[in-house]
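Here are some notes to read alongside the model. Please keep the structure open and follow the points in order.

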Amino acid sequence: MAEDMTIESYLAQGGVLSNPENVPPRYRAELMKLMTTFVDSELAGSAGFADIINEAPGIKERIAACRIVMEKTDHAERVMKVMADFGADIEKYATHQPWTARLDRDAVLGPTRTGGDMRLSVFHYPLAGWTDAVVMNVLMGRAVRIQLDEFARVSYQPLAEAFRAILPVETRHAELGEEGLRKLVADPAARDAVAASVAYWWPRVAESFGAAESARFEQQKGYGLRHRSNADLLASWEKDAGALLSELGLKAG
Amino acid sequence: MARFHPLTVTDVQKTIRDAVVVTLKPEDPETFDFIPGQYLTFRRDFEGEELRRSYSICAGKDEGVLQVGIKRVEGGAFSTWANEELKPGDTLEAMPPMGNFHTPIAPGADKHYLGFAGGSGITPVLSILKTVLQREPESRFTLVYANRAVNTIMFREELEDLKNTYLGRLNVIHVLESGGEEIDLFTGRVDEEKCAQLFRLWIDVKSADTAFICGPEPMMLAISQALRDHGMGDDRIKFELFASAQPGRARRKAVSADAARQGNTTEATVRLDGAAHSFTMPKDGQTILDAALGQQMDAPFACKAGVCSTCRAKVVEGEVEMIANHALEDYEVARGYVLTCQCFPLTDTVVVDYDQ
C-alpha cells in the first residue's frame, strides 16, 4: 500500500487535504494567505458597506444593504473557522484591524497590498454615496462570483466546502446590486452619476484579480490552490460584467 | 485555543501484530466529545524532543468509549512506543478531537455511503460506519478495505460481527495485495482500473450519496478519480489523507537550561500601546512574539505562521533573524519591519516596537 509519494506530487496530481496535520509549510503559508485575503476583504467590504445602510433610498434597499453587511461578515467567520484549525486566534483577529479605514478616493494603489491587513486593494477605496456603492457592489459582486468559483476548487477540502457554501450567497449579493442598479439607470437624471461610478470602479475591480503575470501562480497551481490564471479570470469578468453594462446602456471601463 | 489535556489509558488491545487499539478516559469527557471521523493529536517527549502525532478515533459514537487505533510505522518513535510500551494506567496528553472528515448524521436519512480505507486508514472510517449504521437505520454502507495480506487487516473480526449485526446494510469488500482470494477482483492494489471493475460489477456509484476515502496518497488519487469518472461530484467525496510520512516537525531545539549561564541571551525591550517593557530572553528557542506573550504583554498575533502580518513590528535597535516571511513586502522589511512570530534575536540587545 505505502508506495512512496510526496505530498507535493500528490497535490500536483489533484490530491485533496483535509486537516492541518499533513499540510507542508509552504502550502500552509499560501493557504493562510489566501484565507487571510478573503477574510480581510470580507470584513473591510462589509465594514465599508455598513455606512451605506443609512443612505439607502427605500426600505427594500435598506434591507438589502443590511443583509449584505451581515452575510459578508458571516462569510468572513466561516473562513476564520478554517484558519482557527491552523492556530489562528480568531477572536483577536476579528478586531485587530480598523476595517472601516479607507484611503483617499484618488489614491493610486495598483494591485499590491497596502497597510496592515491583506484586503484586496479595491477595499481600500472609499464609497461615495448610495449610487457609488451600488455600482461597486455590482462590479465587485460579479468579480467575487468568478473568484469564488475558482476558490471553491482549492485542494484544502474544509476551505473548498466553505467557499461552496458562500458562493450562492455572494451571487445573491451581486443580484441585489443589479436590482438596485436597474432602478438607478431607469432615472435619466441619475445616469451620469452611474456612469462616473462605473468609470471609477471598473479599473479598480479589475486590479483585484492581481497581476497578470504572477510568479506565485505556478506554485499555487502545483498545490491545487489555483487552477485558472489571474488574466484568465479577469477576462471572464470583463466579458460577464461588460455584457451586463452594455445591456443597461453603460460603457465598461 | 486548543490545548493539551491529560487522558488515562484504561486498555491497550493488540488487533494485529503491529497495531493496538488504545482506550482512553479523559478527565473532562465533554472536551473529548467527538464527531465520528475526527482524530486526536498526542504529544510526548522523546529524549528531550517533543513529538506530536495524530491518530483517528475508531470507536463509534454509541460505544461510550474513546478509542484510537495506532499502527506501528517502521522507525516511528511514537507508534513503536505505543505498540510496545504503552499500558493501562499510563497518562497521555492530547488535544480535543479535530478534523473535518465527516458529514452530518440524521436519524431519518436513507443514504448509501461508500467507504474506502487503506491499512490503518480504516480507523476513522470504522467510527463513521459504526455510527451511521447505529443512528441511521435506513442507511447502507459499502466498505472497500485494502490491505497487504489477511494478517494485516485491522478490525477484521469486528467488521464480520458488524455485518451480522446489521444484516444487509453493511457490505465489506476486502482487497488484498497478496494471498488467499480466488477472484482477481479482490487482489492487487486499489488503483483506477480496480475501481472501474468494482464500480462496474459490485458497487453502484450512482446510488451512493457520499464517499469517504482514507489511505495513502496514490490510493486517494485513484479512487477519487474513479468516483469522479462515475459522476460523483467533489462535494460528495470526503478525504482524509493518511500520509505515508507525516512531515517532520523539526523545530528549534528546546531552550537549554544552560543558555543563561553561557550568556546566550538578549536584553529585549518591547514597546506596545505606548509602554515599553524590558526583559531577558534566550537568543535561541523562542520567538520575540512568544517571549512578549510570556511577559504577559498583549502582543497582537493571529496565524503565527508568518502569513497574516498581525504580529508586525519594527526593529528599532539590534538585529533579528526572520525565518519566514510571507506577508511583508520588501520595502517594509527594508524599513525594519518584521513578523515577530518568526523572529529570533541575534544581538545582545533588541528593541522592538509594535506601535510604529
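This is a predicted model: local features need pLDDT of at least 70, side-chain atom pairs count only at pLDDT 80 or more; totals for chains, interfaces and linings use all residues.

**Notes on chain B**

1. Start with a strand pair. Strand 8 and strand 9 (residues 170-176) of chain B pair in the parallel sense, over 7 bridges.

2. Strand 7, helix 2 (residues 122-135) and strand 8 of chain B make a right-handed β-α-β unit.

3. How many residues of strand 8 (residues 140-147) of chain B are buried? The count is 8 of the 8, so strand 8 of chain B is largely enclosed by the rest of the structure. Both faces are covered. On one side sit R140(B), T142(B), V144(B) and A146(B). On the other sit F141(B), L143(B), Y145(B) and N147(B).

4. F155(B) is found in the loop between strand 8 and helix 3 of chain B. Its phi is near 60°, a positive value in a residue other than glycine. Is F155(B) buried or exposed? F155(B) is buried, with 22 other C-beta atoms within 10 Å; the cut-off for a buried residue is 20 or more.

5. Q296(B) is not a glycine either, yet Q296(B) has a positive phi of about 65°. Q296(B) is found in the loop between helix 6 (288-294) and strand 14 (312-317) of chain B. Q296(B) is exposed, with 8 other C-beta atoms within 10 Å.

6. Turn to helix 4 (residues 192-201) of chain B. K194(B), C195(B) and L198(B) are buried there. Seen down the axis of helix 4 of chain B, the buried residues fall within an arc of 100°, so they line one face of the helix. What covers them includes strand 8, strand 9 and helix 5 of chain B. On the other side of helix 4 of chain B, E193(B), R200(B) and L201(B) are exposed.

7. Helix 1 (residues 77-84) of chain B can be read in a similar way. The buried residues of helix 1 of chain B are F78(B), S79(B), A82(B) and N83(B). Why do they lie on the same side of helix 1 of chain B? They cover an arc of only 125° around the axis, which puts them there. They pack against strand 2 (19-26), strand 3 (39-46), strand 4 (49-56) and strand 5 (66-71) of chain B.

8. A hairpin deserves a look too. Strand 12 (residues 265-272) and strand 13 (residues 275-282) of chain B run antiparallel and are joined by 8 bridges. E267(B) stands opposite T280(B) in strand 13 of chain B. The hairpin has 2 residues between the strands, and D273(B) takes a positive phi near 50°.

9. Step back to the whole chain. Chain B is divided into domain 1 (5-94), domain 2 (112-241) and domain 3 (265-353). The centres of domain 2 and domain 3 of chain B, taken over C-alpha atoms, are separated by 49 Å. The C-alpha trace of chain B spans about 75 × 45 × 40 Å along its principal axes. Its secondary structure comes to 7 helices and 18 strands. Of the 356 residues in chain B, 41% are buried. Among contacts in chain B between residues at least 6 apart in sequence, 67% join residues at least 24 apart.

10. Finish with the partner chain. The contact takes 40 residues from chain B and 37 residues from chain A. On the side of chain B that touches chain A, the elements giving two or more residues are helix 5 (217-229) and strand 11 (237-241) of chain B. Which element of chain B gives the largest share of that side? Helix 5 of chain B does, with 6 residues. By class, the side of chain B that touches chain A has 20 nonpolar, 13 polar and 7 charged residues.

Methods. Residues are numbered from 1 along each chain as its sequence is written. Chains are lettered from A and ligands numbered from 1 in the order in which they are written. A residue is buried if 20 or more other C-beta atoms lie within 10 Å of its own, exposed if 12 or fewer, and partly exposed in between; C-beta atoms are placed from the backbone. Helices (H or I, at least four residues) and strands (E, at least two) are DSSP runs, numbered from the N terminus. The arc is that of the directions from the helix axis to the C-beta atoms. Two residues are in contact if their C-beta atoms, placed from the backbone, lie within 7 Å. Ala, Val, Leu, Ile, Met, Phe, Trp, Tyr, Cys and Pro count as nonpolar, Asp, Glu, Lys and Arg as charged, and the others, Gly among them, as polar. Domain bounds come from an automatic or database domain assignment. A crossover is right-handed if, with the strands pointing away from the viewer, the path from the first strand over the helix to the second runs clockwise. Two strands pair if DSSP finds at least two bridges between them.
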